[in-house]
Amino acid sequence: MSSATYMALALSRPPEPALESLLVALNRRCALAMFEPGIADEFRVAIVDEVDAVGVLPVPVRYAVWISPSDHAVSDATRASGNDAVELVLSTVDDVVDAAGGKGRLVPELPPSTSDARPIPPFVRARLRAARGLPAVAIASFGVEQVGLVWCGMPSADDLVDTAFAVASVVAVVGRDIVRALAWGAPCVTDPDTASAVGLTEADDVAIGPRHALLATAQEIAIDDARSARMSRASRQLYESRFDDERVVLDVLRRLEIMPRGRARLVALIDELGGPADSRSARRAAELVGELR
Amino acid sequence: MFSVASGGYRNPRPCGVTNHSLEVSILDVVVCGAQVPFTRGGAELLLENLVTALNSAGHRADLVRLPVAWEKDRLFDAPLAWRLVPIDADLVIATNFPSYYARHSHKVVWLPHQHRGAYELADARWSDIGHDDGSLETQRQLAEWDTRALGEATRIFTISGVVADRLARFNGLEGTPLYHPPPLADRLEPGPFDDYIFCPSRLAENKRADLLVEALAHSTSGIRLVLAGDGPMRPMLEDRARELGVTNRLELLGYVSDERLIELFASAAAVAYPPLDEDYGYVTLQAFIASKPVITCADSGGVLEWVEHGVNGLVTDGSPTGLGSAFDQLAADRDLAAKFGAQGHERTALLSWDSVVETLTAA
C-alpha cells in the first residue's frame, strides 16, 4: 500500500450532486487529481503517490467505483480492473450492495456541511453563557413558535442559528435543521413529523412530542443536568453515525487506504477523538511528530 | 504457553495457575494509571492495592503509568500518549485521567476522578480554566475527548456515587459505584475513646482543616484536636490557632508512620473529616473500621455516602459553631460515640478487594 496523500480520479461526465458533495468533502482531507478520462460513466479513483504531468499512473492501483442511482450495475471492465475495488454506493440506491457483490459501502447523502460544528456539552454551554452574560437557562427554538429562530422567547436573526444551537441549554426545533442542532451536541426536542422525516425515534434520546408542548419539555430537560448531558452525547453520536460528512470522508479514506492530507498516525488519532483540525492539540501533535523526522 | 488472543508476544504464564475446579479464568490484566512524579497519595495506593489484589486472586497483573501534565497548554499531551501505548493483555483496567485514553478491545474503567480542574472545580483558584475563549474551548474539547475515550469502555465503574453522579452530569455517561477498602483496613482496630478529635489529612485548601481549627475555638468541652499530615496550609493553621488562643488544644503532628496512624485512630474520641466535595474519603472508612464516629459537613461529597447523621456520626452545616458543637456532643457522651462507631464499623463490613477484583474481571 502506498503512503499516498492524495487520490487520482477519472470522471467521464460532470459528477452528480451527491458525488460532487462527496468529492468536495474528500478534497478537504486529501488532494484530488484527474488522471485520465473515465470509462463509461464511472467514477474511478486510483490511490497513488504521484501522478506525472501527462497523467500516467504507476501500477498497481486500487480502484473505487461510484455507483449512482443511474448506474445500477458495475461494468465488467471495472470489475476486471481491480478485484479488490472499493465500491462507494450512494445509500439511496436499493439493492446495489448485493449487486456489487456485498463489497459496497453505503455513503449517506451528505447534508449541508456542518463540519464546523463541535459537540458542546451542557456544562460547557452554561459556562459559555455565563462568560457572555447570557441567561443561566436558555431555550432556543427554531420553527416551533414561528418561522425562524427564537432565543429565550425573543425572535432573533437566522444568522445566529448556529450560535444558538451551540450555547442553548436545550433546542426545540421543527424541520431538517435539527441535524445542525444534533451536530452541535444540543439536547433536542422535536415533533413527530420532524422525527419521522429525519429518521429519529425516542430510542435515539431525542425528546419527541406535540409541537405545543415542546417548549415546556425543553424547560424540564434544561434543569436536569444528567438528562441533558445524556441527550447531548446522544445528539452528537446520532449526527456522527448518520449525518456527519467528515466521518464519512474519513471512513472512505480509511477504506481506500489513503492517509488524510498532512496527517501522520498521531494526528489521525486526534481525528478519531474528534479533534478540530485547527486545535491546539492538533498543532501540538504535528509538532511532536515533526520532531521525530 | 503463549497467549495470542490480544495479539503480540507475552511471557508465558507460570504453570498451575489455571483453577479448573472453579472454572475461573485467569487473566493477564494491565492496570493503567496516571503518574504525578514525586507524589504518593491515595491514587497511588489504590493502584498498588488493586494490582496486589488481582495477583492474589490468581491473575497476572501489572501496572502501567504515564506522567501527566495538568496545565491547559499540555493537557492533551498525556491523553495522546496513552492512545499510542500498545497493551497486550486480556483486560485493561483504566483508572484516573488520562489513563482511560488507553486503547484496548476489552477496556474496563474504574474511575477515581477526571481532571477536576476542568469540570466541577473549573472555577477553583488553582484551576487555569477561565472564562476566556481559549479556556472554554479547552474545556469543551477535553469533555468531548473524555466522553469518547470513556465511552469506549466495556463498562464504567466509579469509586463512589459522587463520581458516578459527576460522570452523568458532565459527560452523559453511566457509571456504577464500586467501593473498595481503604489503606490499612486489615490493621486498624478499635480502642478507647480518649480526649481528642482526630483528623488525618493533607493540610490543603480542599481538605479544610482550617474549619476544624476554627471549630476548636467554639468547643467548650476542652477536647483537643490532633491533626496528622502536612501541606501548604500548616503555617496558616498555626497562626490562626495562636490568634484564637487554642494552641494548647491543637497538635499538628505532620506526617506520621502507619503504626502511629493506627494508634491515633484507635484512641480517638471521634474522627473529624470536613473536605469539600470529596471523591470517596478513605479517612471515613478508616475511622469506621476502627469503630470511631465521624464528624463531617453537608458538602463533603463522597463522605456522605457513608456517614449518616445520628446513626454513625454527625453531619454538620460546616460552620465553626456547628462543628464545635459536634465535638462537644461526642466528647460529653462516650457511649454515644461508641454506639456511632459500632454502626460505622458495620457499614464497612462488606468492603473487600475480592469483590472489587471479581466485579472488574467479570465486566
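Which residue in β2(B) does B:V29 stand opposite? Some notes for a first look, with that one answered in point 2.

1. Ground rules. This is a predicted model, where local features need pLDDT of at least 70, side-chain atom pairs count only at pLDDT 80 or more, and totals for chains, interfaces and linings use all residues. Residues are numbered from 1 along each chain as its sequence is written, chains are lettered from A and ligands numbered from 1 in the order in which they are written, and side-chain values use heavy atoms, with hydrogens and water left out.

2. A strand pair in chain B. The residue opposite B:V29 is B:A61 in β2(B). Strands β1 (residues 28–35) and β2 (residues 60–67) of chain B run parallel, paired over 8 bridges (DSSP has to find at least two bridges for a pair; strands are DSSP E runs of at least two residues, helices H or I runs of at least four, numbered from the N terminus). In β1, 7 of the 8 residues are buried (under 20% relative accessible area; exposed is over 50%, partly exposed in between, with a 1.4 Å probe and protein chains only).

3. Where the chains meet. Chain B brings 34 residues to the contact and chain A brings 32 (contact means heavy atoms within 4.5 Å). About 2900 Å² is buried between them, 58% of it from carbon and sulfur atoms (the accessible area, 1.4 Å probe, that two parts lose on being put together, summed over both). B:L80, B:R140 and B:R148 supply 21% of what chain B buries here, more than any other three residues.

4. Charges across the interface. There are 4 salt bridges between chain B and chain A (a side-chain nitrogen of Lys or Arg within 4 Å of a carboxyl oxygen of Asp or Glu). α3(B) gives the largest share of chain B's side, 12 residues. One of the residues to look at is B:R148, whose side chain meets A:E240 at 2.5 Å, N to O.

5. Follow the chain of partners. B:R148 also bridges to B:E144 at 2.6 Å, and both lie in helix α3 of chain B, 4 residues apart, about one turn. B:R148 is buried at 17%, and so is B:E144 at 6%. Shared partners join A:R118, A:R236, A:E240, B:E137, B:R140, B:E144 and B:R148 into one network.

6. The chain A end. A:R236 and A:E240 form a salt bridge at 2.8 Å, N to O, and sit 4 residues apart in helix α9 (residues 225–242) of chain A.
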